[in-house]
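Here's a friendly walk through a protein model.

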Amino acid sequence: MSPSFGRGAMTNSWQDMQNSECFLIAGSNCAEAHPIAMKWIHRAKAKGAKIIVVDPVFTRTASKADIFAQIRPGTDIAYLGAIIKYIIDEKLYDEFFVLNFTNALLKINKDFKFEDGLFSGFDEATKKYNYSTWAYQLDENNTPIKADSLDDPDCVFQKIKEHYSRYTLEVAEQISGIPADHIKLIADTFAAAKPGNILYALGMTQHTTGVQGIRCYAIIQLLLGNVGKAGAGIQALRGEPNVQGSTDMANLNANLPGYLPYPTNAQVTLHDYAVSFGSVQHKPLVALLKAWFGKNATAANDYGYGWLPKNDPTNMPIQPQFFNWMEKGQFKMLFNFGSNSSVSIPDRKMVAKGLSCLEMLVVADIFNIETSRFWEEEGLNPKEIQTEVIFLPAAFVYEKAGTMTNSSRLIQWKDEALKPLNDCLPDLDILDRIFKRMRELYAGSNDPKDAAILNANWDYGEHADPFLVLNELNGYNDNTGQLTSSLAEYLNAPIGTVSTGCWIYAGVTPPGKNLADRRDSSDPTGLGLNNEYAFAWPGNIRVLYNRASCDANGKPIDPNRELIWWDSVQGVWTGNDGPDVIDKTKGPDTPEGKQAFRMNPEGVGRLFTASYTSGVSSSPVPVDSIAAIPVRGAGMVVDGPMPEFYEPIESPTTNILNPNVPTNPMAKIVSTEFGDPKDYPYVLTTYTICEHFCAGGITRNIPWLNEIMPEPFIEISKNLGKKIGVKEGDFVEVSSIRGKLKVRALVTDRIQTLKINGEDAETVGMPWSWGFASLNPGPSANNVTMNACDPGAGTPEYKCCLVNVRRA
Amino acid sequence: MATPKMVFVDTSLCTGCRACSVACKAWNELPPEKTQLITSFQTQKDYTYDTWTYISFHEKYENGKMDWFMFKHQCYHCEDPSCMKACPSEAIYKTDSGYTLIDHEKCIGCGYCATNCPWGVPMVNPQLQKSFKCTGCIDRVENGMEPACVATCQPGALSFGEKADMQKLAKERLAEVKKTYPKAQLYGDNIMGGTTYLYLLLDEPKVYGVPAKPATPISLTLWKDLVHPLGGIAVGAAALAITGGVLANFARGNYRKKAEDNDDINAGQ
C-alpha cells in the first residue's frame, strides 16, 4: 500500500467498517482470525451492506457472505486484473476521483514496455529491474507532464488499460477457477455499492506475488474512488495485536522507526543520507538519533550517525533466510522473542538445521515452545547438536504495561493487571537487563563498533518504565525542555532541536498527558471515529487520506459520511476527523490543498508506481542552518509498476498469460527442493482458525481452547475423498517433497474441485498452528510448506505448495 | 419482582467461533473435556454435566450453493418445562425472569429430567448424583450483567434483554433475513410454552439437528397430569404401561438420537 498511497498502513479503522456498503473480503478469514471485525461488518450488513468473500475454502467468514467465490490459491491477480479491465471497459470508475486524486493523467516514459512476461529493464544476470523506463515524462522543472485527457496513449490510465486488456473474464476463469459470470457479478456488485471496503490479511500477502496482489486492490479502490472516505479503503488486518506497532518500530530490515529508510553503506555521512533521501527523511533521522543518543548526539558529530551500523544491500537476509545463513555460519547466536520459528517458518527441516548450527539460542516466551525445544524433535540427535539453549521466562500480555498499536494505527496504553509469576519478566525488563550488563562489559572499549552501545541514551530508570519509553517515542523539544506536544510542534521545530524515537508517534504523550491511555468511547457523529479514544498516528487521524472525501471546493462529497471540510470563513481545514492535509491553512484550490496523498511525491494516489523523485518537497520542512534538500522519492514495487499474474512457485499448471515466465522472475527462492505436480498433484493452502492463535504457543496450552479445537486436520473435497478412499474422520498422510505428516481428514463440500485450464484441480487446506510441544501437540504444516518469498516484502508463500494426500 | 428476560440467538450472525462455550466454562468454572473432531468443525458432541453450551456445525450444499449453519445449544429455559414436570423431588423450578433452574439441595440425580427433556439438555453427574445444565447465568443476570455467553459474543449473534424487546428484535430480523433465506423461521416462540432462548434459524429445524416440534412426552403427561394426581388409585394395566413407557424412554434415550448418529462417524476412526 505504501507505494500506492504513501503509507503502509490500514487506511481506515475497525469501527469504520460499519459505514461500508460493500465488502470484498479476499485473503482474510476475519470471522476466524479477527472476530472483532464481524461486529462492525454485521452492523453494516444490518443496514444493507453486501459481503463478498473470495477464498480457496468456504470459511466461517464465507458462511456470512452474500457472494462467495472459491479461488485456486495464488491466482488472485488473474481475477483482480479482470475486474480492473471490467471497471475500465464498462466505465465504472469514479472520473472525478481518477482525474483529481490519482496519477491517471501523468504521462509515462515512451520506452516503458511489458513484453513476454517481463517489464522493461529486467537484468537476467541479477534478476532485478532497472527502473529507468518506469518513469514519467518530465518537464524542465522535474514535474511529471500531465495529459489533456484519459485518452492520451502515454498516460497512466491508458497504460493500465492496455496492460489489463489481456485479462478477460474468460482468461481469469481458466486461471483462478472462478466462473467468468461470477467475476462479473463481483465486479458489478462492488462497483455499484459505495463506499466499498476491501479487507485482506495473510491470505493475500503470503505469496511470491503478495505485494502485487495488494497493488491490485489499490488500483481498484483508486479507480472506484474508494480511498480516504468513511466506509471505504483497504484494511490490512494485522495478525497480532501489536504487529502494526512492531512495523512502526522497524521490524523490517530496510527501515528505521517511523518508516525512515535504513542507511546503507552508500551513505557514509549524514550529509550523504540527506542528499539521498531529502530533508523529509533527514529531519526525522536527526530526531531519532537525538532520541537514541541523547546529549551525545550533537550537530558536530552528525548526531552520532556514524555509530549506526550501515546495511549492505547485497547482504540483507530476510527472516525466512536466516536459517539458511545460520547453517553457513553467518549467525552464531539468535534471540528469539515473541516468535515460535520452529512452527511458523516454512520448511521445518531448514529451521532445525539452522538452529542446530548456532552457538547459542536465547528464547524468551511464556511457555517452553517448540523453538526452545527444537533439539527434542523426532529425527534429530541431541548428542550431535552443540547449540546452547537458554530459556528466559517472559511475562504474559496482562502482566506488563506499555502500548499496543492495532491495525487501526491506534496506540493503546495498558497497565499491568497482574504481577508476573515467579521469575518471569516483561520483555522490556529482560532487554533492559541484557543491555545494562552488556554496557558494563564494553566499558572502556575504544572499538568503534562498541560506540553505539556506550553512547546510547538509556534512561528508563532502575526498573525500566515503559511510559518513559513512550515519552522517548513522542520526543522532546530542546527549546522548551518539555515533551513535544503535537505532531505539528515537531514538524515546525528546526532540525536538530527536537527528538523523537518514532516521528509518526509525535503527540502521543504531550506534557502531563498520556493520550494513548484515553478511554472515552463517545462517538458524536455515529461514524465510529471515536476521536477521544486512545491516539491514532499520525496526529490522531482516523481515516487516512481523508482530503479525498471532499470535492474540488473542499465540501464533503457524501453528506451522510462527513469527515473533513474546508471552512472558508476561518480559512482552515477542519472536521469530524483530523484533516490529512499538508497545511491546514492551504485551501482546496491551492496546490497543497488539492493533494489527497501528501506522502507521495506527486501528491496523488499511484495507479502506476512510477519511479519518481520530486524536486520540490511536498511537505515543508523547516531547516536551521542547512539548506533544505527538496527531494522526495516515491515508494517502489520492485517487481513491476503494475501487477502481473505469475503462477505460484509450486504450481499444478502452466501460466497461460506468460508461458515463458511462469513464476515471479524476482521471487526469493530459499527452499532447495520443489515438487513435480505428477508426484504432488494437489495444492495445499494453510491458515489459522479462530480457536488457536498463530503458532499456538499460548493457545495450545489453554485447556478450554484445546477442547474446542483439539487437533489439526486437513480439509479435502468430496471428490478427492472418493478418489483416494477417505471418508470424514479418517487419518491421511500429507506429503510434499520436503516432508510429510499425518492428520485427520475433514471431507467437505466447503471445498469443490475446480476446473483450471481445462483440467480438474483439487485444493486441500490445513491449519498451521500445531507443533510437537504443548498440551495439544500435533504435526506442523511447515513439514511440507515451501520457503520462497515475495521479492519486496520478503513474505513466504505459505498459501500454496504442492502435496500428495493418501490414506494413512 | 424480576421481569421476564430473553436471549435472542440470531444464527444468521453466528460465526461458530465458540467463544460462548469457553466463556460459559470460564464463568461457571467447568473443566475442559477430552474431545476430537466429529464432523465439520464440531468437537463438542453433546451436552454433558460439564458442557452446558456448545456449537454444532451443519453443512448444506444444494444447487451449487454452500451453506454452513451454526447452532448454539444450551437449555432453552422453556415456559412449560417437561424436566420440571418429570422431577420427582420438585428440585426444578421457574424464576420470575423466565429461567428454569435446578435446586441441587433437592436434586437426587434420578435423571428423569434428562430423559424427558425433548432436547436432552440436563445431564446427571454420577459421582455427585446431581443433574446439571445451563443456569442462564442467573447469578450474573440478577446482578445486572448479561449471561457470560452473550457478553463475549463478538459477531453480535446473541442479544439479551427484556422478553418483549427481544421478541420484537427477533421479528424484525426474521423479516430481514427472509429476503435471502425464504425458509427462515423463529424457533422457540411456540413450543414448550415458549422458550427463554429464542432462535432465528435460516432453514428448517431439522437442518440444525433439532426437533421441529419438541413436546413433553405423552407418557409423562399422562403419568403426571392424569395418573399421578389420582394418588395411585388407578393402579392397573394402563398405569403400568405408562410407567413402562417412561422407563423405555430412559433406556433408549429417544432424545439422544443425534449423539448416536455421531457415534457412527466415530466408529470409522
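What share of the 269 residues in chain B is buried? The answer is 43%, where buried means that 20 or more other C-beta atoms lie within 10 Å of a residue's own (12 or fewer is exposed, in between is partly exposed, and C-beta atoms are placed from the backbone).

## Before we start

This is a predicted model: local features need pLDDT of at least 70, side-chain atom pairs count only at pLDDT 80 or more, and totals for chains, interfaces and linings use all residues. Residues are numbered from 1 along each chain as its sequence is written, while chains are lettered from A and ligands numbered from 1 in the order in which they are written.

In chain B, 59% of the contacts with a separation of 6 or more are between residues 24 or more positions apart. Contact here means that the C-beta atoms of two residues, placed from the backbone, lie within 7 Å.

Four strands of chain B make an open sheet with mixed pairing, in the order 8-1-10-9. (Strands pair if DSSP finds at least two bridges between them.) At the edges sit strand 8 (158–162) and strand 9 (185–187) of chain B, each pairing on one side only. Strand 1 (residues 5–10) and strand 10 (residues 197–201) of chain B run in the parallel sense, with four bridges, and B:Val9 is opposite B:Tyr199. Elsewhere, strand 2 (residues 54–62) and strand 3 (residues 65–73) of chain B pair in the antiparallel sense through nine bridges. The two form a hairpin with two residues between them, and B:Asn63 in that turn has a positive phi of about 50°. Look for B:Glu62 too: its bridge partner is B:Lys65.

Now switch to chain A, where five strands line up as an open, parallel sheet in the order 3-2-1-8-9. Its edge strands are strand 3 (67–70) and strand 9 (234–236) of chain A. From one strand to the next, the twist averages 15°; axes are lines fitted to C-alpha atoms (for helices, over the stretch in contact), and angles run from 0 to 180 degrees between N-to-C directions. Five bridges link strand 1 (residues 22–26) to strand 2 (residues 50–55) of chain A, and A:Phe23 faces A:Ile51 across that pair.

Helix 8 of chain A packs on this sheet and touches strand 1, strand 2, strand 3 and strand 8 (196–200) of chain A. Helix 10 of chain A lies across strand 8 and strand 9, at about 170° to strand 8 of chain A.

## Two helices side by side

How do you describe a helix pair? Two packed helices are described by the angle between their axes and the distance between the axes. Helix 4 (residues 76–89) and helix 10 (residues 210–224) of chain A pack at about 15°, with axes 10 Å apart. So helix 4 of chain A is roughly parallel to helix 10 of chain A (angles under 35 degrees count as roughly parallel, over 145 as roughly antiparallel, 65 to 115 as roughly perpendicular and the rest as oblique).

Among the residues that meet here are A:Leu80 and A:Ile84 in helix 4 of chain A, and A:Cys216 and A:Ile220 in helix 10 of chain A. The residues of this contact split into 10 nonpolar, three polar and one charged. For these classes, Ala, Val, Leu, Ile, Met, Phe, Trp, Tyr, Cys and Pro are nonpolar, Asp, Glu, Lys and Arg are charged, and the others, Gly among them, are polar.

## A buried loop residue

A:Gln206 sits in the loop between helix 9 (202–205) and helix 10 of chain A. Why does A:Gln206 count as buried? Because A:Gln206 has 25 C-beta neighbours inside 10 Å. Leaving aside neighbours within four places in sequence, its contacts include A:Thr795 and A:Tyr798.

## Where the chains meet

In all, 32 residues of chain A are in contact with 28 residues of chain B. Helix 22 of chain A gives the most to the chain A side, with six residues. That side has 15 nonpolar, five polar and 12 charged residues.
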